[in-house]
Amino acid sequence: MALRLLSHPSLTAAQLRQLHGHLLTSSLLGDRYLPNILLRGLLPAAPLRARALFPRLRRILPAFLPNNYTFSFLLTASIATAIPIPSPSFTSSAHTQLICALHALAVTLGWDAHAYVSNGFIHTYASRGFLDAARRVFDSAVLARTDDVCSWTSLLTAYARAGL
């Protein structure tokens, strides 16, 4: 019941506090896999709800530190819910801000050097037309020696789609 409520998009502050109290009194709050299970469970059918759930999880579970799986789920949700942008120079969308915020969080937590996470950011930036950002992530992956065939494929495919 509490997990289903947590993914509801329009909970009030009072409902969130009540839900937080329920989680505190149950054993669910201590489950370190819970956030990723919730995000993964929402992905196939409701990627927008997965994106909306993440900040709530960070507020309700202060000890929750995203890992490589978390970033993978969130980047997948970001790509699935992306609205086509008018041009690559259009950068003021909330979607773009979310991707940049996720990238900043990954850098802060040290997950940007993980091949799975850096490949996800390369793909996400490239699929949104931000080739410069994708290239910077790629260059960092090369320097950290975490580049692989996925890194190269994502970047080369993006350049080919852009006609470069």
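A salt bridge is taken here as a side-chain nitrogen of Lys or Arg within 4 Å of a carboxyl oxygen of Asp or Glu.

The model is predicted: local features need pLDDT of at least 70, side-chain atom pairs count only at pLDDT 80 or more, and totals for chains, interfaces and linings use all residues. Residues are numbered from 1 along each chain as its sequence is written, and side-chain values use heavy atoms, with hydrogens and water left out.

**Overall fold**

The protein chain has nine helices and zero strands. Helices (H or I, at least four residues) and strands (E, at least two) are DSSP runs, numbered from the N terminus. Along the sequence the pattern reads α-α-α-α-α-α-α-α-α. Of the 164 residues in the protein chain, 41% are buried. Buried means under 20% relative accessible area, exposed means over 50%, and partly exposed lies in between (1.4 Å probe, protein chains only).

**Nonpolar core**

A nonpolar core is a set of buried Ala, Val, Leu, Ile, Met, Phe, Trp, Tyr and Cys residues joined through side-chain atoms within 4.5 Å. The largest one has 36 residues, of which Leu39, Phe54, Leu57, Phe121 and Tyr125 touch the most other members. Two or more residues each come from helix H3 (34-42), helix H4 (47-60), helix H5 (68-80), helix H6 (94-109), helix H7 (115-127), helix H8 (131-143) and H9. In soluble globular proteins, nonpolar side chains tend to be buried together.

**Aromatic pairs**

Rings of Phe, Tyr and Trp (its six-membered ring) pair if their centres lie within 6.5 Å; planes under 30 degrees apart count as stacked, over 60 as edge-to-face and the rest as tilted. The structure holds four aromatic pairs. In one of them, the ring centres of Phe54 and Phe64 are 6.1 Å apart and the planes stand at 80°, so the pair is edge-to-face. Phe54 belongs to helix H4 and Phe64 to the loop between H4 and H5, so this pair ties together parts ten residues apart in sequence. Both Phe54 and Phe64 are buried.

The rings of Phe138 and Trp152 also pair, with centres 4.8 Å apart and planes at 85°, so this pair is edge-to-face. Here Phe138 sits in helix H8 and Trp152 in helix H9, so the contact ties together parts that are 14 residues apart in sequence. Phe138 counts as buried because its relative accessibility is 4%, whereas Trp152, at 43%, counts as partly exposed. Ring pairs also link Phe71, Phe121 and Tyr125 into a cluster.

**Surface patch and the charged pair**

Which residues form a nonpolar patch on the surface? They are Val142, Trp152 and Leu156, with about 290 Å² of accessible area together. Patches are made of residues with over 30% relative accessible area and no salt bridge: like charges are joined within 9 Å, nonpolar side chains (Val, Leu, Ile, Met, Phe, Trp, Tyr) within 5 Å. Accessible areas come from the Shrake-Rupley method with a 1.4 Å probe; for residues, only the protein chains shown count as cover. Val142 is placed in helix H8, and Leu156 in helix H9 (residues 149-161).

Side chains of opposite charge can pair when their charged atoms come close.

| Residue | Relative accessibility | Class |
|---|---|---|
| Val142 | 34% | partly exposed |
| Trp152 | 43% | partly exposed |
| Leu156 | 52% | exposed |
| Asp139 | 30% | partly exposed |
| Arg135 | 36% | partly exposed |

**Loops and cysteines**

Ala113 is in the loop between H6 and H7 and is partly exposed at 38% relative accessibility. Its C-alpha lies 9.4 Å from that of Val137, 24 residues away in sequence. The C-alpha atoms of Ala113 and Val142, 29 residues apart along the chain, are separated by 9.8 Å.

Arg145 lies in the loop between H8 and H9 and is exposed, at 75% relative accessibility. The phi of Arg145 is near 60°, a positive value in a residue other than glycine. Most residues other than glycine have a negative phi.

A search of the whole structure finds zero disulfides, a disulfide being a pair of cysteine sulfur atoms within 2.5 Å. Cys100 is partly exposed at 39% relative accessible area, and Cys150 is partly exposed at 41%.
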